[in-house]
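Please examine the sequence and the structure shown below.

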Amino acid sequence: MSFKTILKYFLVWQVVVAGISLAAVKSLPIRESFIGGGAKLFRFSPLLLSRANFDGNNYISISANGYGYSQQAFFPLYPSLIRYIRSWFNPSVDQQVQVSAAIGVVISMFSFVGGLGFLNKLIRLDYSASISRLIIIALLLWPTSFFFTAVYTESIFFFFLISSFYFARTKRWWWAGVLAGLASYTRFVGIFIFPALVVEMWQQQKIRNWKLEIGNWLPLLLAPAGLILYMIFLHRTTGDSLAFLHSLPAYGSFRSDHVILLYQVFWRYIKMLATVHPGELIYINIVFEAFVGLLFLTTSIFAFLKQRPSYAIFNLAAYLVSTLTGSFVSLPRYVLVCFPSFILLGQFLASRPRWQWAYWLASGSLGVLFLALFTAGYWVG
């Protein structure tokens, strides 16, 4: 699958995303609580600022003013990059929010296209071009894939993650370590690339000559560097090196800053499914979150049977860490980086062609619904 084809898929997908967003802005009542830039600015740039709804507001705020109350949950690389690029243009105060949002979207777009390119390269190390094509289409049609081009960290983290694994697979370990370090400076889940790369190097060296070359392990020490740097910064500024965890309850009573086990989360969702009225809008989210929780638990287990150990370790860790606050809220977005699960999904669709249209229809329909709701300011992840 050529990069030109990937770019064509991306552009078609973005045209569809823009069309759905435009229809949503014109047809749905705007819920003003968490829309990008606030109600006043949103009216003038809805197609741009709708991509900065909810968490996007925090990234723009941090890029402009530094960390405020409980914003330590948002890691610094992405807003720092927005701030740096914005300094090239020196916008007025009145233009700062729109310019920041535009920069954030451009960063996300370029990062995602680059991530898709590396994903294709990574998949092609083990699978055919047709499998790669199915995996990429399945990812683009996942119901929350629109977050990849929003003012969120999904795309830039995706780029660092996939490229790090690709360079590890092709034995370019310094690049793998640097990119893993950038990933752990972008999101907490990036720290789990470190044990995955350790296992990948151990497997490669064991296969090659049955002895471990200790000097070759040095690049991997860069992988946790991003998280360590952020923790040092937090300790100096807040006195709490784990402030990124302790600030989570500020973003909803459903989140906890202590560990909740997975079976407890499933039990909570069983109770919600039994008590929340199906006519309420939140019921759709509850059903989908529970489904995603079960689906990605299953694929995380199967990854240990069907894929490389390094892939499986990261996939399971990325899934589990998203559940430890006691909820599957945002899980449909967080699993976008669980690339081994999407590889399994692509293999499944390739072996069962009749299921492909069912997936395209179901996932695409949910994607239209969630994107429209998100554009209008309704929480979907």
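The model is predicted, so local features need pLDDT of at least 70 and side-chain atom pairs count only at pLDDT 80 or more, while totals for chains, interfaces and linings use all residues. Residues are numbered from 1 along each chain as its sequence is written, and side-chain values use heavy atoms, with hydrogens and water left out.

Two packed helices are described by the angle between their axes and the distance between the axes. Helices here are DSSP runs of H or I with at least four residues, numbered from the N terminus. Axes are lines fitted to C-alpha atoms, for helices over the stretch in contact, and angles run from 0 to 180 degrees between N-to-C directions.

The axes of α6 (residues 96–124) and α8 (residues 154–169) come within 8 Å and cross at roughly 25°. That angle makes α6 roughly parallel to α8, a term for angles under 35 degrees. The crossing of α6 past α8 is left-handed, meaning that the near helix is turned anticlockwise from the far one by less than a right angle.

For α7 (residues 129–140) and α18, the axes come within 10 Å and cross at roughly 25°. These two helices are therefore roughly parallel to each other, and α7 passes α18 in a left-handed crossing. Leu 134, Ile 137 and Ala 138 of α7 meet Gln 356, Tyr 359 and Trp 360 of α18.

Tyr 359 also belongs to the lining of the second largest pocket, where it is one of the residues nearest the centre, together with Trp 142, Phe 291, Leu 295 and Leu 345. The lining comprises 16 nonpolar, 3 polar and no charged residues. At least two lining residues come from each of α14 (281–306), α17 (339–351) and α18 (353–375).

Where else does α18 supply lining residues? The largest cavity takes 3 residues from α18, which gives the most to its lining. By class, the lining of this cavity has 5 nonpolar, 3 polar and 1 charged residues. On a 1 Å grid over the protein atoms alone, a cavity is a set of points where a 1.4 Å probe fits but cannot get out, and a pocket is an open set with protein on both sides within 12 Å along at least five of seven lines; lining residues have an atom within 4 Å of a point.

Note on methods: Nonpolar A, V, L, I, M, F, W, Y, C, P; charged D, E, K, R; others polar. Parallel < 35°, antiparallel > 145°, perpendicular 65-115°, else oblique. Contact = heavy atoms within 4.5 Å.
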